[in-house]
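I opened the model to go through its elements, confidence and surface.

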Amino acid sequence: MISKKLIFLLPKWIPSLSLFGASAGAAVCYATDWKLVLEYMPYYGGKFKTEEEADN
């Protein structure tokens, strides 16, 4: 099913696949406005501050 040629080429695809996966993960967080993750993101996380945190 998977040829030797594809197994040989797989290490060359790893950087592209990891970058694509990280970009897709960031896009999902942004599109769904996932507070659990985005509250720790610089600049964008300020959107989730409570009144108590904003006063300090």
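How many helices and strands are there in the protein chain? I counted three helices and zero strands, taking DSSP runs numbered from the N terminus (helices H or I, at least four residues; strands E, at least two). The order from the N terminus is α-α-α.

I noted that this is a predicted model, in which local features need pLDDT of at least 70, side-chain atom pairs count only at pLDDT 80 or more, and totals for chains, interfaces and linings use all residues. Residues are numbered from 1 along each chain as its sequence is written, and side-chain values use heavy atoms, with hydrogens and water left out.

I looked up confidence next. Mean pLDDT (the predictor's confidence in each residue, from 0 to 100) is 82 for the protein chain, and 86% of the residues score at least 70. Helix 1 has the highest mean, 91, and helix 3 (residues 51-55) the lowest, 60. Where pLDDT is low, the predicted coordinates should not be read in detail.

I then went along helix 1. Its 29 residues reach 40 Å from first C-alpha to last, close to the expected 42 Å (1.5 Å times one less than the number of residues). Helix 1 bends by about 50 degrees at K12, with P15 following within four residues; the bend is the angle between axes fitted to the seven residues ending there and the seven starting there. After helix 1 comes D33, with a positive phi near 55 degrees.

Last, I checked burial. Of the 56 residues in the protein chain, 7% are buried (under 20% relative accessible area, 1.4 Å probe, protein chains only).

Key
Buried < 20%, exposed > 50% of the residue type's maximum accessible area, 1.4 Å probe, protein only.
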